[in-house]
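Thanks for making time this morning; I would like to walk you through one model and say with some care what can be read from it. Please have the sequence and the structure open while I talk.

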Amino acid sequence: MLKIEGRATKFCDQISRRSFLQIGGLAMGGLSLPQLLQAEQQNPQRQSHKAVIMIFLNGGPPHQDMFDLKPDAPAEIRGEFQPIATNVPGIEISELMPRVAGMMDKFSIIRSLVGSEGRHDSFQCCTGHQFRDPKPQGGWPSMGSALSKLQGAVDPSVPPYIDLSQKMAHDPYNIKGPGFLGMAHAPFRPDGEVMSNMTLNSISTVRLHERTRLLEELDTFRRKVDQKLAAESSDNFTEQALGVLTSSRLVEALDLEKVDPQVRARYGIDDPTVLGFDPKMGYQALMSRFLQARRAVEAGARMVTCSFADFDYHSDNFGRGRKVIPLLDQGVAALVEDLHERGLEQDVTVIVWGEFGRTPKINDKAGRDHWSRVHAGLLAGGGMPAGQVIGSTDKWAEAAVDRPVHMQEVFATLYHNLGIDPATTTIPDNNGRPQYLLERQAPIRELI
């Protein structure tokens, strides 16, 4: 491992500059940057920059209060919310989602999602697999990790898989990692100490002097690396790693201070108290994450994941829904509108969903309980046909009666939009055995 030599001064968090500048110290889940870059380059063919943004609605969003309302059902089924017309004739969604309704021609709704295992876990939404499925040693990789392996980085200074989700108190909710692919393909989480190490906030004159000296050390290091590269071509991965450490591309993409105020306002203002939870629990409805996700894919990310709020409404389903669903409506509508305005609607696919739905019948606490038989999802972009509803449920939204769509079919569609054929693409596991990405490999025909 190459190091920048020099006096071992310390950051304010007691991490030495020398340790921080050891290649492999960017805290991307513990990965080594040279290993990451070497793994990315194992795939010599680079494809055009297609990307996926997944909005994970942890807890199980109530499909019958958002995308599949049943106004003719009994009161204990239909609930308190009314359907409203969208700008596509014949399609109605919840009155709490007027912005999405006004641009329904840019979305597709799947009302007949099946295949949920019913666990409070992001595993299925991240990997497409179920817990009870046979799994290779090391476990299934999440989709972002698979993309990191198959397609590598668009830009050497931007990780291909970025997770903008908060750290959630219920650990199974947290976005899943690389499985058998290893930490070289783990999601990069740009928060906490990682971002503090990548920015220059609150610099004293002493720290500024140290930064100046650090630049001098970097210049010396570059000269040494250039000399070494002439004799050892394998060190080009270390050279690229240095580029990641010294690039501001990702930091600038995630920094919203310089964003046009009108664009920023379109997405809404973060209010960490909106759910009444302790912010440390990680279930806030942070509107800025939608904008950061768009900027991250523009910077070069292939997949960005983002959790939003919490939908485990066993009680007060309608009171909580009135607070959270309009915020989701605003964030998703702003994101998709932005993608269209920036000419990204052919390249970036947006998927909004949770791990399961909620019970048709309202319980005695005015809540809805877990329901895995059917749920709903919202898709946009990716060059897909839009302005449509796929599938339907019975009169109480408790089962799919027309065109059941398995969750793996959604994954097959996402891969298709990225230029990857899951019917022919495999990744070797830890034992060298080729593993297909999915068992169900046909994309959703209505979206192709």
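What you see is a predicted model, in which local features need a pLDDT of at least 70 and side-chain atom pairs count only at pLDDT 80 or more, while totals for chains, interfaces and linings use all residues. Residues are numbered from 1 along each chain as its sequence is written, and side-chain values use heavy atoms, with hydrogens and water left out.

Let me start with confidence, where pLDDT is the predictor's confidence in each residue, from 0 to 100. The mean pLDDT of the protein is 85, with 77% of the residues reaching 70 or more. Over residues 1–31, however, pLDDT is below 50, although this stretch has 73 contacts in the model beyond near neighbours in sequence, a contact being heavy atoms within 4.5 Å. The pLDDT also stays under 50 over residues 231–237, and there the model has 8 contacts beyond four places in sequence.

Now the interior. I call a residue buried under 20% relative accessible area, exposed over 50% and partly exposed in between, with a 1.4 Å probe and protein chains only. A nonpolar core is then a set of buried Ala, Val, Leu, Ile, Met, Phe, Trp, Tyr and Cys residues joined through side-chain atoms within 4.5 Å. The largest such core has 68 residues, and those with the most contacts inside it are Ile55, Phe107, Phe308, Leu328 and Val332. Its largest share, 10 residues, comes from helix 13, residues 317–341; helices (H or I, at least four residues) and strands (E, at least two) are DSSP runs numbered from the N terminus. Leaving out residues up to four places away in sequence, Val332 touches Val100, Phe107, Phe290, Val352 and Leu378. There is also a second, separate core of 37 residues, which includes Leu113, Met143, Ile175 and Ile444.

Helix 14, residues 407–417, is mostly covered, since 10 of its 11 residues are buried, among them Gln408, Glu409 and Asn417. Following this helix comes Gly419, with a positive phi near 85°.

Gln166 sits in the loop between strand 5 (161–163) and helix 7 (193–198), and it counts as buried because its relative accessibility is 12%. The Gln166 side chain reaches the backbone oxygen of Gln284 at 3.0 Å.

Gln292, in helix 12 (residues 288–299), counts as buried because its relative accessibility is 14%. A polar atom of the Gln292 side chain lies 2.9 Å from the backbone oxygen of Leu254.

Val158, in the loop between helix 6 and strand 5, counts as buried because its relative accessibility is 1%. The C-alpha atoms of Val158 and Ala301 are 6.3 Å apart, although 143 residues separate the two along the chain.

Terms used: Polar contact = N/O pair within 3.5 Å; in protein donor to acceptor, adjacent residues only side chain to side chain.
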